[in-house]
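Q: I would like to go through this structure feature by feature. Please give the general idea each time, then the case at hand.

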Amino acid sequence: MNTTLERKEVKETANVENQNDQRSVKISVRDLDLFYGDNQALYQVSLDIREKEVTALIGPSGCGKSTFLRTLNRMNDLIDSVRINGDIHINGNNIYQSKDVIELRTKVGMVFQKPNLFPMSIYDNVAYGPRMQGIKNKKELNQIVEESLRGAAIWDEVKDRLKTSALGLSGGQQQRVCIARAIAMKPDVILMDEPTSALDPISTLKVEELIAHLKKDYTIVIVTHNMQQAARVSDKTAFFLNGEVIEFEQTDQIFSMPKDSRTEDYVTGRFG
Amino acid sequence: MPNPSEVKQKNKSNRLKYIMEFISEKLFLICALISVLSLFLIIGFVFFKGSNPFIADGYSFIDFIFGSDWIPSEDKYGIFPMIVASIYATIGALVIGVPIGLLTAIFLSEIAPKPIAKIISPAVQLLAGIPSVLYGVFGLAIIVPFLQNNLGLVKGQSLIAVILVLAIMMLPTIVTVAETAIRAVPKTYREGSLALGASPIGTIFKVVVPAAKSGIMAAIVLGLGRAIGETMAVILVAGNSLIIPTSITDSVRPLTTNIALEMGYAYGTHQEMLFATGIVLFSFILILNFVLAKISSKGGK
């Protein structure tokens with residue numbers, strides 16, 4: 001009896017895996033160790049993030065999930081004491097062997113915990129990245145700005161005030177303009193570092209709807225403290241604990257039948 | 001039951017505390033008032049003495065400002081050449097000092113590795129501590145002969161010498177104030193820009209510096225104040241000729257040096273006219289302070 005049930009389970013997982021395999025691997029991480037000076041923050045992290053999926057990274061504070069996220073666009077390079085071993089391939093290219101960080105960051109966009117729009121107009125914020133890439137043509141910029149704002153589902157709210165300061169928007173609106181700013185670069189991957197932690201529930205809902213929508217075109221990796229959010233928006237979930245990936249599975253599996261007892265303790269709210 | 005005499009004793013010691021409290025409060029107030037009082041005394045005195053010739057003796061204020069002859073022995077008091085000299089010298093110093101100062105501030109706050117910043121930062125601050133007369137001596141000993149030899153001037157003391165000395169003198173002010181402003185720009189702006197694939201230098205000029213704009217403007221205005229009020233160093237390198245400068249190699253006499261040079265022996269109307277020169281100088285500083293206040297209140301928004 002027991003064995004049949006187990007067998008059935010295995011079969012199901014296999015099926016799911018087969019489905020996944022249809023999507024190609026976008027980001028492949030192998031044996032990633034990261035050190036802040038002498039402190040090791042990530043231990044042997046290996047995972048494959050597939051194209052046009054939402055991958056959620058969950059875990060208690062200080063478990064290394066944000067640090068891991070920041071290795072994917074090399075934002076950790078900004079900290080002098082950081083040392084990294086292991087490989088990360090995005091689109092098959094080893095991003096730590098290439099010297100061109102700028103190219104990487106145009107392909108891998110990022111949305112931060114707190115909206116960090118620049119103190120300039122909404123238009124200039126969204127056009128910032130493309131301008132830095134050397135696009136000067138006004139028509140082209142106008143088009144990129146409109147497309148990006150539409151893509152981030154904020155166009156209707158801001159179209160009449162594009163030239164006013166972006167800092168006059170509400171926090172939720174600002175965060176969606178941040179997303180627009182990221183997609184203006186036409187990236188492959190969007191990294192989101194707790195994008196809704198500073199927002200009210202309604203703004204959070206809007207951003208989550210947006211994520212579901214963006215999934216069609218982008219590969220999204222999202223760090224979240226909110227487990228309901230991970231369950232709502234993501235296809236796959238990785239559970240981090242003390243710098244290690246404890247479990248990386250289909251989101252419904254992580255939340256309904258986690259394999260590791262530590263994952264279970266965390267998702268059921270026993271700690272964290 | 002408390003002993004009545006004990007209660008009395010306690011009341012007494014409390015009263016002493018209140019008296020001490022009262023006295024020390026007043027002491028603080030008096031100290032604070034001294035600076036305000038000095039300000040009003042100086043302004044009042046300068047304005048009283050300086051306005052006397054125009055009110056009591058019937059001199060024309062317009063002629064004073066726009067007159068181009070300053071010949072006290074012939075009763076001619078026109079400070080136009082000095083106003084022009086002061087303005088030219090200040091603008092010239094800005095043109096040289098501001099770019100150098102700003103780039104230094106950016107370098108220190110954004111680019112320099114810590115060990116290098118640790119050497120340059122104190123050096124810049126020390127530059128602020130050098131007595132101004134030593135700047136003048138340096139200008140006289142190094143800059144003036146250099147100009148004399150290389151530009152083929154008859155006399156190295158000139159507008160350009162003043163400009164160079166003032167540009168160096170305003171550096172510490174500009175660097176420290178601008179550096180503080182740039183450091184105050186939130187880290188998230190830098191991250192946001194870099195994450196969009198902007199280069200570090202692009203980030204500095206497109207995001208960080210614009211975000212620190214009001215602080216940088218304050219730095220420039222403070223540097224300007226330093227330049228326009230500087231006297232000692234300027235006397236030594238200006239040449240002090242009473243002409244309206246037409247080229248940067250002309251010898252000049254800015255407002256400050258006019259007062260310092262002649263106050264020692266002037267009396268009567270001549271002396272009062274020097275005070276009037278002080279009023280003009282003070283007005284410049286006042287306008288600058290006003291501009292500064294405007295800028296910083298804007299930055300607060």
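A: Helices (H or I, at least four residues) and strands (E, at least two) are DSSP runs, numbered from the N terminus. Lys118(B), for instance, lies in helix 4 of chain B, residues 114-129. This is a predicted model, in which local features need pLDDT of at least 70 and side-chain atom pairs count only at pLDDT 80 or more, while totals for chains, interfaces and linings use all residues. Residues are numbered from 1 along each chain as its sequence is written, and chains are lettered from A and ligands numbered from 1 in the order in which they are written.

Q: What is the mean pLDDT of chain B?
A: pLDDT is the predictor's confidence in each residue, from 0 to 100. Chain B has a mean of 91, with 97% of its residues at 70 or more. For the complex, the predictor gives an ipTM of 0.85 and a pTM of 0.81.

Q: Does Lys118(B) count as buried or exposed?
A: A residue is buried if 20 or more other C-beta atoms, placed from the backbone, lie within 10 Å of its own, exposed if 12 or fewer, and partly exposed in between. Lys118(B) counts as exposed because it has 12 C-beta neighbours inside 10 Å.

Q: Which residues touch the most other members of the largest nonpolar core?
A: A nonpolar core is a set of buried Ala, Val, Leu, Ile, Met, Phe, Trp, Tyr and Cys residues joined through C-beta atoms within 7 Å. The largest one has 139 residues, and those touching the most other members include Val177(A), Val162(B) and Val165(B). Helix 6 of chain B (residues 159-183) gives the most to this core, with 19 residues.

Q: How do strand 1 and strand 2 of chain A pair?
A: Two strands pair if DSSP finds at least two bridges between them. Strand 1 (residues 25-36) and strand 2 (residues 39-50) of chain A are antiparallel, over eight bridges. Leu32(A) stands opposite Val45(A) in strand 2 of chain A. The two strands form a hairpin with two residues between them, and Gly37(A) in the turn has a positive phi of about 60 degrees. Strand 1 of chain A also runs antiparallel to strand 4 of chain A (residues 82-90), joined by eight bridges; there Leu34(A) has Ile84(A) as its bridge partner.

Q: What is the strand order in the open sheet of six strands?
A: In chain A the order is 6-7-8-3-9-10, with mixed pairing. Strand 6 (108-111) and strand 10 (244-250) of chain A stand at the edges with a single partner strand each, so one side of each has no neighbour in the sheet.
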